[in-house]
Protein chains: 2
Amino acid sequence: MLRNDYPGQVCSIARSLEVVGERWSLLIVRDVMNGNRRFDELQKSLGIARNVLSARLQRLIDEDILERRAYQESPTRYEYFLTEKGLDLWPALIALLNWGDRYSPDPQGPPMLIDHKECGGAVSDRGICKSCGQALHARNARAIPGPGLAGAVE
Amino acid sequence: MLRNDYPGQVCSIARSLEVVGERWSLLIVRDVMNGNRRFDELQKSLGIARNVLSARLQRLIDEDILERRAYQESPTRYEYFLTEKGLDLWPALIALLNWGDRYSPDPQGPPMLIDHKECGGAVSDRGICKSCGQALHARNARAIPGPGLAGAVE
DNA sequence: CCGACTCGGTTGCTTGATGCAACCCAGTGT
DNA sequence: ACACTGGGTTGCATCAAGCAACCGAGTCGG
């Protein structure tokens, strides 16, 4: 997105998109959720321009979606973590994941599978564990590589 | 978003965002879901530039998310409708709506409320009817103006 | 028969975000 | 002394978005 505001829109969807609707923002959140926490990791994993990654991270920190913490001193090096607000984007990501799986399917199968950490059950498009029925969140779900990834890695 | 592809990304979230992650796309889908079906209605409601609206509608049609139908001849006039694929974006929109309501709250209350057409129950962030427990879809949910809209309309 | 209005766009121009490559800096390893 | 790593910043070219003007078919009012 170019400008991050939708002038005149009084709608919570528009307000959400003002914050996370910019190009790359949701993919950064997804990557951090999957354990990519460092600048270079994110840059390589996403293939994003470094200046743009820098700007996005700053924006996500300003919006209290990410938090930057030093993991060592001299030289100081940083990691990015999701706040509660950031973790709460999980249901939206799951909905987009499922929509993508349904309508842009990989012939090999989905590239990423989500399951319930405690019981191993699959997750529905509503973020509900299909085997135990619990409504899941970022903390008790886990991403595992699916069959669609295999073809891309070779 | 500028370019609509995320090169090298093998991920259904990225694939979804390639299609609906461009600036305005999800808001157009939301508007059509709420009954704005004509070019001028959409243009006024969104405050989007006409050339951009034209490009987005064409893209959404190409992606089989919208369908254009003539509602009269001479002069021919058109309306845009959501396909099943478009309607299935509903859970993602609901997730974003709830996230926006929670973290960018309007002091007056939410500008838009969603309820279950049949029983009038409120809808959770997972798109589940809070009163009867049913998992809802675009067709059996309804958007109604909430308290947050009042202040903006005056 | 002439002008104004509506709907659904398209065309041109300007502005601003993005992509890319190069550079920077502190510290570490060899 | 030199290269390497992590975490960026700077400059420049390109491409998409915003804006206003225009267009074309048909309809209405006088």
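Before the details, a word on conventions: residues are numbered from 1 along each chain as its sequence is written, while chains are lettered from A and ligands numbered from 1 in the order in which they are written. Since the model is predicted, local features need pLDDT of at least 70 and side-chain atom pairs count only at pLDDT 80 or more, whereas totals for chains, interfaces and linings use all residues.

Let me start with confidence, given as pLDDT, the predictor's confidence in each residue, from 0 to 100. Chain A averages a pLDDT of 91, and 92% of its residues score at least 70. Within chain A, the lowest confidence falls in helix 7 (residues 147-153), with a mean of 64, and the highest in helix 5 (residues 84-87), at 98.

Turning to the fold, chain A has seven helices and four strands, where helices (H or I, at least four residues) and strands (E, at least two) are DSSP runs, numbered from the N terminus. Along the sequence, their order in chain A is α-α-α-α-β-β-α-α-β-β-α. The radius of gyration of chain A, taken over C-alpha atoms, is 17 Å, close to the 15 Å that the globule rule (2.2 Å times the number of residues to the power 0.38) gives for 154 residues, so chain A is as compact as a globular protein of that length. The C-alpha trace of chain A spans about 45 × 45 × 30 Å along its principal axes.

Strand 1 (residues 66-72) and strand 2 (residues 77-82) of chain A run antiparallel and are joined by six bridges, two strands being called paired if DSSP finds at least two bridges between them. Which residue of strand 2 is the bridge partner of E67(A)? The partner is F81(A). These two strands of chain A form a hairpin with four residues between them, and S74(A), in the turn, has a positive phi of about 40 degrees.

Next comes burial, where a residue is buried if 20 or more other C-beta atoms lie within 10 Å of its own, exposed if 12 or fewer, and partly exposed in between, with C-beta atoms placed from the backbone. Buried residues make up 37% of the 154 residues in chain A. R23(A), in the loop between helix 1 (12-20) and helix 2 (25-33) of chain A, counts as buried because it has 20 C-beta neighbours inside 10 Å. The C-alpha atoms of R23(A) and V52(A) are separated by 9.6 Å, although these residues are 29 apart along the chain.

In chain B, eight of the nine residues of helix 2 are buried, so this helix is largely enclosed by the rest of the structure; among them are R30(B) and D31(B). Just after helix 2 of chain B, G35(B) takes a positive phi of about 105 degrees.

Finally, the two chains together. Chain B can be laid on chain A with an RMSD of 0.0 Å by a turn of 180 degrees and a shift of 0.0 Å along the axis, the superposition being by least squares on the C-alpha atoms of residues with pLDDT of at least 70 in both. That is the relation of a two-fold axis, and the same surface serves both copies, with 100% of the contact residues of chain B recurring in chain A.

Technical notes
Contact = placed C-beta atoms within 7 Å.
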